[in-house]
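Dear colleague,

Here is the structure I said I would pass on. Please look through the sequence and the fold, then read my notes below.

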Amino acid sequence: MSPEFIKEALRNVRYPGFSRDIVSFGLVKDIRHDGGTLTVHLEVATKDPKIPEQIFKDCHAALDHLPDIGTVKVEIVVKDPQGAQGAASEGVQGKSSIPGVKRVIAVASGKGGVGKSTVAGNLAVALAKTGAKVGLCDCDLYGPSVAQMFGSHERPMANEQDEIIPIEAYGLKLMSMGFLLEDRSPVIVRGPMATRYTQQFLRQVEWGELDYLVLDLPPGTGDIQLTIVQTVAVDGAVIVTTPQEMALIDARKAVSMFAKVNVPILGLVENMAWFECDHGQRYYLFGEGGGVREAATLGVPLLAQIPIDPQTRERGDAGTPVALIPPAEHPVSAAFQEIAASLRARVPA
């Protein structure tokens, strides 16, 4: 019953409304195990009485079942968030929901070239068509796609508080490095600067009141992904993959990364699942059913199988996402509408 053992058990306790656990937030101040009694001392900076109550219950749920634990006492000191000092206050204050944004959904792949940005952009459009207020943040600094996909080359302005005013198109609020650079201008920055840009896109943009903010993540599991999950409370992640094993390998890595930072996987999208010719024959160019099998293995919903579709590509290049077409008139638009409906049911705003 070492303090390290107890801390590992407490890593299963999340701070209510956040994706990180109470140990990562630094709320655990002392652990003592004497005379058959385990005492855990926590400090929480909040004005909401429901938060310490929930933490108290969750701590007992994580500890009471441990063998030879004895009596468990969870002591919680509640401090005013304005005057609180220390890591607990800094952690919880630093990583929270974006003001005005109810839900944050990340779209990730682990691998480039699987159509993640196409899925993120069309998902944002489909969510907006359900009546939700939606924003789309292009977090791929080195390969931004949102400006092209939504046909806008405007330059963002700033408000009086020096916040970036997002670009608006098709009822969405958009932010992307593509709005700040010329088409041929590369982003040449090291990790620390990429981290700063990402934090600015999340925290220093005037998002206003949104039901959903969709984050189009870059491929991989590096600095930008970790910055996002450490900066804001992500409500869940959608994993995009193509059917072949080469893509599924990296999709699994993305799933593992989100598991380590306590971000739930909302489901998997199998993109480029097949190509259907004019005669109705399907050709499985990247293999058949890889995403279906992977979703079953991971125990997560398969949100959709999206075929290779020329019109989807053409409309993406033209800045008019395919999800703008009425679902009854196009199967890919219908698929994105189904994804949006599923996510709204699982993550209501």
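Three strands make an open sheet with mixed pairing, in the order β1-β2-β3. Strands (E, at least two residues) and helices (H or I, at least four) are DSSP runs numbered from the N terminus, and two strands pair if DSSP finds at least two bridges between them. Because β1 (28-34) and β3 (71-79) each have a single partner strand, they stand at the edges, and one side of each has no neighbour in the sheet. From one strand to the next the twist averages 15°; angles run from 0 to 180 degrees between N-to-C directions, with axes fitted as lines to C-alpha atoms, for helices over the stretch in contact.

This is a predicted model: local features need pLDDT of at least 70 and side-chain atom pairs pLDDT 80 or more, while totals for chains, interfaces and linings use all residues. Residues are numbered from 1 along each chain as its sequence is written, and side-chain values use heavy atoms, without hydrogens or water.

Strand β2 (residues 37-45) runs parallel to β3, and nine bridges join them. Leu42 stands opposite Ile76 in β3. Helix α1 (residues 3-10) packs on the sheet and touches β1 and β2, contact meaning heavy atoms within 4.5 Å. Helix α2 (residues 50-63) lies across β2 and β3, at about 155° to β3.

There are zero disulfides (pairs of cysteine sulfur atoms within 2.5 Å). The sulfur of Cys137 is 3.9 Å from that of Cys139, its closest cysteine sulfur, which is too far for a bond. Cys137 is buried at 0% relative accessible area (buried is under 20%, exposed over 50%, partly exposed in between, with a 1.4 Å probe and protein chains only). Cys139 is buried too, at 2%.

Regards
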